Amino acid sequence: MFEGWDAVVLARAQFAFTMSFHIIFPAFSIGLASYLAVLEALWLATGREVFINLFNYWLKIFAVAFGMGVVSGIVMSYQFGTNWSAFSDKTGPVIGPLMAYEVLTAFFLEAGFLGVMLFGLERVGHRLHFLATLMVAIGTLISAFWILSANSWMQTPAGYAINADGQFVAADWLKVIFNPSFPYRLVHMVLAAYLTTALVVGAVGAYHLLRDRHLAGPRVMFSMAMWMATLVAPIQILAGDQHGLNTLEHQPTKIMAMEGHFESHKDGAPLILFGLPNQTAGKVDYAVEVPKLGSLILKHSLDAPLAGLDTVPRENWPPVPITFWSFRIMVGLGFLIMGLGLFSLLMRLRGKLYETRLLHMFALAMGPAGFIAVLAGWITTETGRQPFTVYGLLRTVESASPLAAPAVGSSLIAFIIVYFAVFTAGVIYILRLMASPPHHGEQGPRSDIPARAAGITPAAGAAAEGGAR
């Protein structure tokens, strides 16, 4: 079926597909875990029932999203061995320990406290339960720390040496972990996760306010979400700008692709707002641009020179159209999120936060925007690094396993079928949970349902049955 196909292209498509499914769940669970910690802290501090009702409401959604994130992440790690064995061999001494540190820190922390968080509210003290919630939230952030450290090293490798076998080995672990792009990418991703969660929470609150604006739970969740959008969206835009300046310094070719700069500009580069990048011709067709604004943004000077892709060998060009447009989708959604926050602030100051239907419809429409922005950002990051897996050092074609295209293609088809079946069911279930508003006496995940294989009789039940006989 896949005879004549490029096995490397299929392997990249498979990783992109599984990664796209995976990243939306950690992006949501990182922010939601912190939101749950805030809700429980507010409940302990104020005693208001609305906070514990919201906590239990979102805890059930968190449990499903967290589970789907873990399952989809495990699948990705296996692909390093199946489809990218050369990459694993070359970078394993560096990437392997970083991923192991995630398991030894984040996974162990989450595994130790997740059960208490989900089922222990009435079984342990409230303060101990809050500690468990806090540990899970911290665990998600630690997980982001290690994964982003590993991925950032692939973008801006540092602190390494190459041994006699051609493998990357750590010469300075601090430089490996805290490589040049890592701090910027960590801040950018964590803020993206918080905004993604805020948009989902805000959309659910808006949905229920459109139906009944007097409901206490939706009013509180909507207000909290809009505060997050108001305060964090501008910070995220500033963080993205600093990340862009860091990328210009360490990955200039990626910036050229993001900006559509095929040609160098000696006396100020334009900001190309829209256009159709033509990689073959080396130009942007139908470009809509603002003169010299590109240099002002990237160099803080209208007349600063900027190099273009004409200074880079064509074999080292990333796929410009994908990188160009994914970057604009991410930035455009970022400004829309900031606009939502400012609109909500205006309505809040006017005392109409819960009455303005236009705001509620805007917030509802923006519910998926965080996920789309996260996907667009990761596409920008990963396609802009091409044609390398380790930027400037290891090419993608040199990283793949020596597999035939049919072997990779058949597993890709299997992933597509299984993922759409399993994760569609999970998303539908989450949407069904969101369709009902939080109510008085909201309960968290149930722990009174027997969890055992069919046909296995618990010992206590068997003893009782024997005694009755």
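Analyst: A salt bridge is a side-chain nitrogen of Lys or Arg within 4 Å of a carboxyl oxygen of Asp or Glu. This is a predicted model, in which local features need pLDDT of at least 70 and side-chain atom pairs count only at pLDDT 80 or more, while totals for chains, interfaces and linings use all residues. Residues are numbered from 1 along each chain as its sequence is written, and side-chain values use heavy atoms, with hydrogens and water left out.

User: What makes Lys283 and Asp285 a salt bridge?

Analyst: Their side chains come to 3.9 Å, N to O, which is set against the limit of within 4 Å, and therefore the pair counts. A search of the whole structure finds three salt bridges.

User: Why is Lys283 called partly exposed?

Analyst: Buried means under 20% relative accessible area, exposed means over 50%, and partly exposed lies in between (1.4 Å probe, protein chains only). Lys283 has a relative accessible area of 44%, so Lys283 is partly exposed.

User: Which parts of the chain does the salt bridge of Asp303 with Lys292 link?

Analyst: The closest N and O atoms of Asp303 and Lys292 are 3.1 Å apart. The pair links distant parts of the chain, with Asp303 in the loop between helix H9 (293-299) and helix H10 (320-349), and Lys292 in the loop between E4 and H9, 11 residues apart. Lys292 has a relative accessible area of 29%, and is therefore partly exposed.

User: How many residues apart are Arg385 and Glu382 in helix H12?

Analyst: Arg385 and Glu382 are three residues apart in helix H12 (residues 369-385), and so are separated by about one helical turn. Arg385 forms a salt bridge with Glu382, with the closest N and O atoms 2.9 Å apart, and both residues are buried.

User: Why is H2 called roughly antiparallel to H13?

Analyst: The axes of helix H2 (residues 49-82) and helix H13 (residues 405-435) come within 9 Å and cross at roughly 170°. Angles under 35 degrees count as roughly parallel, over 145 as roughly antiparallel, 65 to 115 as roughly perpendicular and the rest as oblique, so H2 is roughly antiparallel to H13.

User: Which residues of H2 and H13 meet?

Analyst: Among those in H2 are Tyr57, Trp58 and Met68, and among those in H13 are Phe415, Tyr419 and Phe423, where contact means heavy atoms within 4.5 Å.

Key
Axes are lines fitted to C-alpha atoms, for helices over the stretch in contact, and angles run from 0 to 180 degrees between N-to-C directions. Helices (H or I, at least four residues) and strands (E, at least two) are DSSP runs, numbered from the N terminus.
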